[in-house]
Amino acid sequence: MVSESFTQLKRAYASGRTRPLAWRRAQLDALRRMIADHRQDFIEAETADLGKPAAETVLMELNLIAAEARFVRNRLGLWTRRQYKPMPWSLQPAQGWTIAEPKGVVLVIAPWNYPVLLALEPLADAIAAGNAVCVKPSELSPHTSTLIAELIAQYLDQEAIAVVEGGPKETGELLDCDFDHIFYTGGERVGKIVMAAAARHLTPVTLELGGKSPCFVDSTVNLHTAARRIAWGKFSNAGQTCVAPDYVLATPDIAEALAKRIAVAVTEFYGENPEASKDYGRIINDRHFERLLKLLPAGTVPPQEPSSPLIKAASAVGAAAEMVGRRINAGIDAIGSHNAQPSVAEKQQQQTEIMPIPGVIDSAGRVVCGGKVDRETRYIAPTVLFGTQPDAPVMGEEIFGPILPIVVVKDADAAIRFINSRPRPLAAYVFSNRRAVRLAFERRTSSGSLGYSLTLAQLLSSRLPFGGVGASGMGAYHGKAGFETFSHIKTVVSKPQFPDTLQLVYPPLDELRTGL
Ligand code: NAD
């Protein structure tokens, strides 16, 4: 099935059907029609998969795909034109230009958290560049995956655009194929599998990964607005957003006030009981749900009701041991994650720069709001933690859920050192009105993107490239960056045969010409 699909795409690409601009425009128009016609179906599929609120599906996915498809469609003519470049005198007379040619047959592997957006936005860019495309949606969002497969077969050119559904097995089979580009969005572990597999065929890759995106706040900003923007970025899609602010680094003068303001923003957004809010999502599956519970301060969530007295006793001992372990574990690395921990010297410095909060005994911090969960529906309330320590489990791995730790940090310099002691994140956010502070973050930290006084919204523009750096990925897309990712920029030079000025470099070469 997988290899047949791939062979078909190869054949379609070789036939040249994907190259004409008319084909590309027709596919992009059909993609937009598909989104418009089946808006409700997408909303329902995402609600079934993720409990995703309808407004989030429309605003954060469907509208963005339609906008991207329109943006690239309207600029195709410009981007596919010859781009003439001035030639050096040594090559005169000559003309030189670049031309964007499609890469060929490309693979798009999508994750589950924005399952429509992250499958169809790269698809739009790949079509714009004139490729045959295979899309592999995530098996963890099965309703959306099936819908994407059905609709693409119905709306787009079946010869040149295919969907392969399935999990690691099917993805593994796809990775055995000789694609001309692989575009992967997801976690770092699978990113490494994808890159290793691509290396076998020397296939170029784009890796859109994640990481712990920091958010710095100091006293120069309006805390009310900062809190609302942070709460929106963090708790949209129940925190399962690659560019969500993972944790806050706040200066001591405003840290506690900020924590309280974020709690107020949560109530303003989702009401007193977010569980009943139509605007608040759920955790994708039990594995992620249980993983997230372990990041909360010990005792926040009552242990599952044990069935026998023996298990009851064992579980009580376990909980007590966990609590003790957390307290004495301050020097031990956080749970296994891709985030390499700071060096010993960096840790020593952090000890003087990260403020402990009197009365906060768990390294995860104190619960300011939230902490309520429901296993049945995989609900975790928007949770704010205050006074979190760097060695807490919640500061080890990418949280990817609705838990927001606030680390109190001496000042902006200490925050920069803290960020630089960890792998480079997908995004960094700075809420400060001091120009020097903003510039310091811009010049001294590295991240996929940087937002001043906002969260998430940097990815809304098709005019700005979107991608990671270091552990958060490589390559970029959106708009022209996406078009170029799926294109080979070919250099063409044309030189008239007469006069044959190249004879200046033909052997035998004399001193005059070489300067030797
Ligand atoms: P996921 O589990 O849906 O996996 C992503 C894709 O990899 C899926 O299509 C899946 O089938 C495939 N896959 C899973 N295991 C595999 C294996 N062993 N071999 C081959 N393929 C395999 O998604 P995820 O990894 O849970 O996604 C969450 C991560 O993605 C987070 O780290 C998040 O930050 C990141 N993310 C990044 C972006 C971005 O744009 N940079 C966007 C969304 C998510």
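Pro 499 lies in the loop that runs between strand S18 (487-494) and helix H17 (511-514). The model shown in these views is predicted.

**View A. The cis peptide bond between Phe 498 and Pro 499.** Omega of the bond that joins Phe 498 and Pro 499 is about -5 degrees. Most peptide bonds are trans. Pro 499 is placed in the loop between strand S18 and helix H17.

**View B. The cis peptide bond between Pro 507 and Pro 508.** Here two prolines, Pro 507 and Pro 508, are joined in cis, with omega at about -5 degrees. Pro 508 is found in the loop between S18 and H17.

**View C. Ala 238, a residue with positive phi.** Phi of Ala 238 is near 50 degrees, and the residue is not a glycine. Most residues other than glycine have a negative phi. Ala 238 belongs to the loop between helix H9 (223-235) and strand S9 (247-250). Is Ala 238 buried or exposed? Ala 238 is buried, because 30 other C-beta atoms lie within 10 Å, and the cut-off for a buried residue is 20 or more.

**View D. Ser 453, a residue with positive phi.** Ser 453 is not a glycine, yet its phi is positive, at about 60 degrees.

Conventions:
Residues are numbered from 1 along each chain as its sequence is written. This is a predicted model: local features need pLDDT of at least 70, side-chain atom pairs count only at pLDDT 80 or more; totals for chains, interfaces and linings use all residues. Helices (H or I, at least four residues) and strands (E, at least two) are DSSP runs, numbered from the N terminus. A residue is buried if 20 or more other C-beta atoms lie within 10 Å of its own, exposed if 12 or fewer, and partly exposed in between; C-beta atoms are placed from the backbone.
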